[in-house]
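Subject: The model for you to look at

Hello,

Here is the structure I promised to pass on. Please open it beside this email and follow along.

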Amino acid sequence: MLYTCGYCNASIDTQGEKAPRPEYQSPAVTGTGANTAALVVGGIVSLSFMAGLVVFLSFSSATESTDGPTPTSVLGASPVVAAPSPVSERKAKFQWDSQGVPLAVDLNGDGTDDIIGRIRRLSLAPGKTETRNQVAAFDGKSFDLLWEAELEGTASDLSGAVHVVHQGGRVVMSSPDAVSILDPRTGKQLGRVALSDKPRNLCIPRGDAESVWVDVADGQNLLLNTKTAAARTVIEPPPSCAPFKWNPRMCPSQLVRRSPIVCERPRNLPDVPGFSPEHVYTLNDLSVVLGERSPGSRVPMAAVFQQGQKAPLWHGNVADMDPKKVKERVVEVLAFSEDALVMAYELKEGGAQLIRRDMRTGSVSWDVPIPNSKSGSGASDIKLHGGRVYVPHWVWLDVFDAKTGNLIGTLGTW
């Protein structure tokens with residue numbers, strides 16, 4: 001019994017014998033009824049074929065995913081690009097090292113000061129956390145990384161030994177045993193001079209366009225030429241690089257190290273009722289005095305005196321808020337210029353604020369919170385430069401607009 005499909009011309013012999021495949025002959029079409037029937041039958045068969053294919057593919061996929069391992073490489077297959085692992089992502093993060101103030105200078109010539117300072121990169125290894133210490137440069141507009149230079153040594157070795165200045169179109173960086181000259185655009189080392197001991201400071205002599213004086217702990221101080229990378233011993237510092245000479249009138253050492261302007265204890269200041277002075281900074285003919293309210297609770301206060309005047313230009317509370325919310329502590333972190341006084345103060349419920357007052361009138365320009373200061377720590381320093389305020393604290397560096405107090409950007413992460 002031979003059955004032949006009139007649509008696909010396939011033949012089946014029910015008796016098991018191989019049947020000859022007859023030549024296909026197009027069926028005669030006599031009218032619309034025949035055409036419609038053919039289309040319907042064809043559509044049904046096509047749908048049945050597609051449904052069968054879907055079931056087959058689904059069954060194949062299920063079988064591949066459950067029956068044994070999947071092949072890892074197939075000849076001619078497209079390459080698989082692996083997504084970055086969480087470990088790689090963590091390595092890309094960094095913490096800002098709040099020791100010292102950042103260097104702000106235009107490295108790439110776009111008219112905006114870029115930022116150079118110390119960072120830490122942490123990487124997790126089995127049973128321990130590895131730390132890489134670096135000096136890094138960041139674009140002042142985008143805050144993107146420009147370059148980074150490795151620092152060798154333990155945390156105690158690096159403490160107080162890493163300093164960065166910009167002189168003669170070069171970046172000069174000190175490390176525990178050497179001073180290096182770097183290309184400002186790439187961070188590539190252009191020269192290196194070994195030191196006899198730890199460097200305590202780098203100083204640019206006033207009026208000099210090429211040299212950097214290196215203050216070395218054992219007294220074997222050097223004068224480094226940034227153009228030639230040549231160094232010669234110069235024991236005595238240039239006049240503008242002479243360090244502060246300690247005297248009993250100076251503030252505690254941590255305050256003296258924090259400010260480029262000498263901090264002194266109050267002496268021969270005119271009396272201001274209700275104000276007890278603690279620290280005095282002198283800029284030209286102005287004296288900035290920080291202290292606290294007295295008598296009463298120790299509300300932090302500030303005053304500015306002009307030389308030769310008995311009455312202050314202004315005095316009052318540091319904070320521009322209810323003094324009951326402010327921690328009772330004399331302000332120790334500040335920066336100022338001819339027209340601005342910027343101070344950091346802390347709150348009783350946690351967190352810190354940054355406030356700018358007019359130097360001569362005391363009027364408040366802005367009073368803003370320091371980000372992350374509730375979970376981290378308050379400002380360790382303040383740098384007022386080029387229309388910006390740089391505030392390092394714990395693992396962050398926050399950059400504010402000096403006129404508005406708006407936060408421009410943050411470097412570092414926890």
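A few ground rules come first. This is a predicted model, in which local features need pLDDT of at least 70 and side-chain atom pairs count only at pLDDT 80 or more, while totals for chains, interfaces and linings use all residues. Residues are numbered from 1 along each chain as its sequence is written, and side-chain values use heavy atoms, with hydrogens and water left out.

**The whole chain**

The protein chain has four helices and 28 strands; these are DSSP runs numbered from the N terminus (helices are H or I with at least four residues, strands E with at least two). Of its 414 residues, 37% count as buried, where buried means under 20% relative accessible area, exposed over 50% and partly exposed in between (1.4 Å probe, protein chains only). The accessible surface comes to about 23700 Å², and carbon and sulfur atoms hold 54% of that; the areas come from the Shrake-Rupley method with a 1.4 Å probe, and for residues only the protein chains shown count as cover. Among contacts with a separation of 6 or more, 38% are between residues 24 or more positions apart (a contact means heavy atoms within 4.5 Å).

**Around β19**

Strand β19 (residues 300-306) is mostly covered, with six of its seven residues buried. Its antiparallel partner β18 (residues 286-293) is joined to it by seven bridges; two strands pair if DSSP finds at least two bridges between them. Within this pairing, Gly291 stands opposite Met301. The two strands form a hairpin with six residues between them, and Gly296 in the turn has a positive phi of about 110 degrees. The loop between β18 and β19 also holds Pro295, which is joined to Ser294 by a cis peptide bond with omega of about 0 degrees. β19 also runs antiparallel to β20 (residues 314-317), with four bridges, and there Ala302 has Gly316 as its bridge partner.

**A four-stranded sheet**

An open sheet has the order β8-β9-β10-β11, with antiparallel pairing. β8 (164-167) and β11 (189-194) stand at the edges with a single partner strand each, so one side of each has no neighbour in the sheet. From one strand to the next, the twist averages 20 degrees (axes are lines fitted to C-alpha atoms, for helices over the stretch in contact, and angles run from 0 to 180 degrees between N-to-C directions).

Most residues other than glycine have a negative phi, and most peptide bonds are trans. Phe143 is not a glycine, yet has a positive phi of about 65 degrees; this residue is in the loop between β6 (128-138) and β7 (145-151) and counts as buried at 13% relative accessibility. Ala229 also has a positive phi of about 65 degrees. Ala229 lies in the loop between β14 (222-225) and β15 (231-233), and is partly exposed at 28% relative accessibility.

Of its 18 lining residues, the closest to the centre are Arg267, Leu269, Val280, Thr282 and Ser287. The elements giving two or more residues to the lining are β17 (275-283) and β19. On a 1 Å grid over the protein atoms alone, a pocket is an open set of points with protein on both sides within 12 Å along at least five of seven lines, where a 1.4 Å probe fits; lining residues have an atom within 4 Å of a point.

Best wishes
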